[in-house]
Amino acid sequence: MMQHSSEYRKTKMPHALLIPLPAQGHINPMMQLAWKLVSDGFLVTFVNTELAHNQIIQANSTKQSDNMIRMVTVPHGVSPEQCRDDLGMFFRSVEEVLGPSVIDRLIHDINDKDEEPNISCIIADVWTCFGLHAVAKHHHISLAGFHTSLVSTCAIRYFSAELVSLGILPSDGILKEDTKQKYLPSMPPLRSTHLPWLYSGEFGFRLGIRMGQEISKIEWILFNTFYELESVVADELSKEVGTYPIGPLLTPEFLDFDTKETSKVIPSLWGDDVECLEWLQKQSERSVIYVSFGSIAVLNNGQVEELALALEATHRPFLWVVRSDLIDGSNAVLPPGFVERNRDRGCIVSWAPQLRVLSHPSIACFVTHCGWNSVQESITMGVPMLCWPYFADQFINSTYVVDVWKVGLPLNANKEGIIEKGEFTKAIEMLVVGEEGVQIRDAVSKLKTSARNAVREGGSSSNNYKLFINAVTKPTRQ
């Protein structure tokens with residue numbers, strides 16, 4: 001194991017070992033949590049695979065970190081980008097390189113060093129917590145699970161074995177027909193093709209059942225969401241496992257409406273193109289269509305071409321994140337002449353500092369894949385959404401955005417999976433200038449206030465976080 005050493009003498013300083021799933025959408029909120037812990041007097045050891053760590057270092061070479069967060073790597077590891085067609089391979093690799101024997105050895109190594117405080121608690125992504133209950137018990141330390149998305153996504157996975165026993169789901173979790181039904185009383189109806197494990201088939205279904213079994217042993221499951229968003233399902237799940245929403249986990253600069261660059265390093269596997277912020281400064285208030293599909297989603301040539309033509313047809317300024325691997329096929333390109341025709345009102349970047357973009361007054365709406373980080377950031381910044389989910393929990397997120405919270409509109413694809421130009425331009429007009437858009441902006445503004453109130457002193461997330469901190473900093477019971 002490679003460690004970036006710092007000098008600490010043995011003290012009673014609380015020392016948290018953080019273990020994210022090595023993927024962009026999981027590393028980011030875990031690092032936000034790391035900074036929150038540091039601000040409360042913790043030393044943090046942050047574990048990553050060598051592959052993810054090296055990507056972060058390469059993408060963030062100009063940023064400086066703080067020595068209260070120690071970066072530790074474990075060998076090997078594969079990225080979810082490498083396993084898009086077989087995410088089972090990714091999860092099996094994660095379980096191998098971040099398994100209980102590896103974490104146990106790491107804790108021994110840290111605790112044996114005279115100059116470092118002993119590990120006092122483990123906070124592991126729920127997808128890396130397999131077997132860690134025994135490790136924590138062996139070391140007489142606390143263990144918390146960290147769920148980076150909605151409580152609802154956790155709940156549907158947690159109760160999936162029960163749904164099988166009730167005959168609502170088949171034994172492999174995969175329904176043969178496309179139906180829509182209410183799987184849990186506390187959740188909205190879902191299409192069977194939108195169940196979150198379908199992207200990895202029966203393996204993903206079984207993995208979710210295992211995850212549910214693991215978290216049932218853990219006292220604290222921390223969620224990067226806030227109670228007011230889904231109180232009914234949070235109350236239902238809390239009857240089974242410790243359910244503690246502590247989000248949104250964003251740096252105080254953004255929660256306080258400050259769009260200046262933060263000194264805190266929130267690692268990204270992609271390097272930000274900050275020049276787009278200068279471009280945004282030149283745009284009118286609430287005029288720009290922001291388009292980003294996260295770090296994993298891949299579109300085909302037809303989808304990209306139609307989206308490009310749709311953006312052009314809106315006659316509105318747009319900021320479009322086009323990753324180098326966004327388009328399926330090495331020879332895929334944007335439509336001929338598109339960049340030249342839209343040079344004056346379009347800005348295309350390989351990656352954007354998303355929080356700074358969403359907090360900018362020129363942004364009118366967010367065309368998103370509905371990854372949870374993106375949805376929560378959009379809500380917290382008060383930006384309405386156009387939803388184009390790609391896989392996994394993104395369909396549940398989209399359902400909540402459109403049907404429950406009513407802070408966005410769906411983009412409905414045709415049989416080829418393409419969002420046609422007319423569908424896109426119609427949705428843009430409805431959201432930006434239509435009466436429905438007024439109602440959506442009002443709804444997202446109210447949720448923005450709720451999100452910020454949740455993390456302020458006395459708010460639901462603040463209270464849950466303090467309960468956890470107080471528990472893990474008490475003298476350890478042998």
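The legends below describe close-up views of a predicted model.

**Figure 1. The whole protein chain.** The chain contains 19 helices and 16 strands. Of its 478 residues, 59% are buried. Among contacts between residues at least 6 apart in sequence, 75% join residues at least 24 apart.

**Figure 2. The open sheet of six strands.** The strands follow the order E13-E12-E11-E14-E15-E16, and their pairing is parallel. Strand E13 (346-349) and strand E16 (408-410) are at the edges; each has a single partner strand, so one side of each has no neighbour in the sheet. On average, neighbouring strands of this sheet are turned by 15° against each other, with direction ignored.

**Figure 3. Strands E14 and E15, with helix H17 packed on the sheet.** Strand E14 (residues 363-368) and strand E15 (residues 385-387) run parallel and are joined by three bridges. Thr368 has Cys387 in E15 as its bridge partner. Helix H17 (residues 421-432) packs on the sheet and touches strand E11 (288-292), E14, E15 and E16. The direction of H17 makes about 140° with that of E14.

**Figure 4. Helices H12 and H17.** Two packed helices are described by the angle between their axes and the distance between the axes. For helix H12 (residues 301-314) and H17, the angle is about 40° and the axes are 9 Å apart. H12 is therefore oblique to H17. The crossing of H12 past H17 is right-handed. On the H12 side, the residues that meet H17 are Glu306, Leu307, Leu309, Ala310, Leu311, Ala313 and Thr314. Their counterparts in H17 are Lys421, Phe424, Thr425 and Ile428.

**Figure 5. Trp405 in the largest nonpolar core.** In soluble globular proteins, nonpolar side chains tend to be buried together. The largest nonpolar core of this model has 101 residues. Which residues touch the most other members of this core? They are Leu17, Ile122, Leu319 and Trp405. With neighbours within four places in sequence left aside, Trp405 is in contact with Leu150, Leu229, Trp372, Val375, Ile379, Tyr400, Ala443 and Leu447.

**Figure 6. His194 in a loop.** His194 is part of the loop between strand E8 (190-191) and helix H8 (201-215). Is His194 buried or exposed? Its relative accessibility is 18%, and buried means under 20%, so His194 counts as buried. Apart from neighbours within four places in sequence, His194 is in contact with Ala392, Phe395 and Ile396.

**Figure 7. Ser171 in a loop.** The loop that holds Ser171 lies between helix H7 (160-165) and strand E7 (180-181). Ser171 and Ala161 are 10 residues apart along the chain, and their C-alpha atoms are separated by 8.3 Å.

**Figure 8. Ser101 in helix H4.** Ser101 belongs to helix H4 (residues 100-111). Ser101 counts as exposed because its relative accessibility is 51%, and exposed means over 50%. Along the chain, Ser101 and Val135 are 34 residues apart. The C-alpha atoms of Ser101 and Val135 are separated by 8.2 Å.

Terms used. Residues numbered from 1 in each chain as written. Predicted model: local features only at pLDDT ≥ 70, side-chain atom pairs only at ≥ 80, totals over all residues. Heavy atoms only, no water. Helix = DSSP H or I, 4+ residues; strand = E, 2+ residues; numbered from the N terminus. Core = buried A, V, L, I, M, F, W, Y, C linked by side-chain atoms within 4.5 Å. Buried < 20%, exposed > 50% of the residue type's maximum accessible area, 1.4 Å probe, protein only. Contact = heavy atoms within 4.5 Å. Pairing = 2+ DSSP bridges. Axes fitted to C-alpha atoms, helices over the stretch in contact; angles between N-to-C directions. Parallel < 35°, antiparallel > 145°, perpendicular 65-115°, else oblique. Left-handed = near helix turned anticlockwise from the far one by under 90°.
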